[in-house]
Amino acid sequence: MKKIEAVIKPFKLDDVREALTEIGITGMTVSEVKGFGRQRGHTEIYRGAEYAVDFLPKVKLELVLPDDLVERAVETIMDTARSGKIGDGKIFILPVEEVIRIRTGETAEAAV
């Protein structure tokens, strides 16, 4: 099993969720996060005063999937979240040693 962490632009969330649902992925955790990479924030003018926005709003998706679904999920996220502009996000893939469903005690892929 693998854990996919994808940090994407917030307005892409619904499109990515729908695309993942279409390929059979139904469970995910979504968090609102802030951060920056090469984009390094930007400046805005509010009521005539200029100020720096160092951390940009993003959305973080977390999915734990069987190995055979990982490549397809990553391709789906990339195709759907890509705008071609700086700040589209990142995808991280991590190994998962064990999963346990708290309610039933099921383990491994049965718990996902």
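**Entry 1: charged partners**

I started with R82 and D79, whose side chains meet in a salt bridge with an N to O distance of 3.9 Å. I kept in mind that this is a predicted model. R82 counts as partly exposed because its relative accessibility is 47%. D79 reaches 56%, so D79 counts as exposed.

Next I asked how many salt bridges a search of the whole structure finds. The search returned seven.

I then looked up K3. K3 forms a salt bridge with E62, and their closest N and O atoms are 2.8 Å apart. K3 sits in strand β1 (residues 2-8) and E62 in strand β5, so this pair ties together parts that are 59 residues apart in sequence. I also checked how open K3 is: with 24% relative accessibility, K3 counts as partly exposed.

E106 is partly exposed at 32% relative accessibility, and R101 is partly exposed with a relative accessible area of 26%.

**Entry 2: D88**

I moved on to D88, which I found in the loop between α2 (67-81) and β6. Is D88 buried or exposed? Its relative accessibility is 17%, and the cut-off for buried is under 20%, so D88 counts as buried.

I wanted to know what the side chain of D88 reaches. It makes a polar contact with the side chain of S83 at 2.5 Å. The side chain of D88 also reaches the backbone nitrogen of G84, at 2.9 Å.

D88 is in contact with V7, I8, K9, A81, R82 and S83. I was pleased to meet R82 again, the residue I had paired with D79.

**Entry 3: T76**

I looked for T76 and found it in helix α2. T76 has a relative accessible area of 12%, so T76 is buried.

Which residues does T76 touch, not counting those up to four places away in sequence? I noted A19, L20 and I23. I took a second look at I23: T76 and I23 are 53 residues apart in sequence, yet their C-alpha atoms are 8.4 Å apart in space.

I also checked the polar side of T76. A polar atom of its side chain lies 2.8 Å from the backbone oxygen of R72.

**Entry 4: A108**

I turned to backbone angles. Most residues other than glycine have a negative phi. I placed A108 in the segment after β6. At 34% relative accessibility, A108 counts as partly exposed.

**Entry 5: the pockets**

I finished with empty space. Rolling a probe the size of a water molecule over the atoms shows where such space is left.

The largest pocket holds about 310 Å³ of space. I counted 15 residues in its lining, and the closest to its centre are F36, G37, K58, G89 and K90. Which elements each supply at least two residues of this lining? I wrote down β2 (29-35) and β6 (89-95). By class, the lining of the largest pocket has five nonpolar, five polar and five charged residues.

The second largest pocket has a volume of about 240 Å³. It is lined by 13 residues, and those closest to its centre are G27, M28, L63, V64 and V112. Where does the largest share of its lining come from? I traced that share, four residues, to strand β5 (residues 56-65). Strand β5 was already in my notes, as the strand that holds E62. Sorted by class, the lining of the second largest pocket divides into seven nonpolar, four polar and two charged residues.

Terms used:
Residues are numbered from 1 along each chain as its sequence is written. This is a predicted model: local features need pLDDT of at least 70, side-chain atom pairs count only at pLDDT 80 or more; totals for chains, interfaces and linings use all residues. Side-chain values use heavy atoms; hydrogens and water are left out. On a 1 Å grid over the protein atoms alone, a cavity is a set of points where a 1.4 Å probe fits but cannot get out, and a pocket is an open set with protein on both sides within 12 Å along at least five of seven lines; lining residues have an atom within 4 Å of a point. Grid points are joined across faces, edges and corners, and a volume is the space filled by probe spheres set on the points. Ala, Val, Leu, Ile, Met, Phe, Trp, Tyr, Cys and Pro count as nonpolar, Asp, Glu, Lys and Arg as charged, and the others, Gly among them, as polar. Buried means under 20% relative accessible area, exposed over 50%, partly exposed in between (1.4 Å probe, protein chains only). A polar contact is a pair of N or O atoms within 3.5 Å; within protein, one must be able to donate a hydrogen and the other to accept it, and residues adjacent in sequence count only if both atoms are side-chain atoms. Contact means heavy atoms within 4.5 Å. A salt bridge is a side-chain nitrogen of Lys or Arg within 4 Å of a carboxyl oxygen of Asp or Glu.
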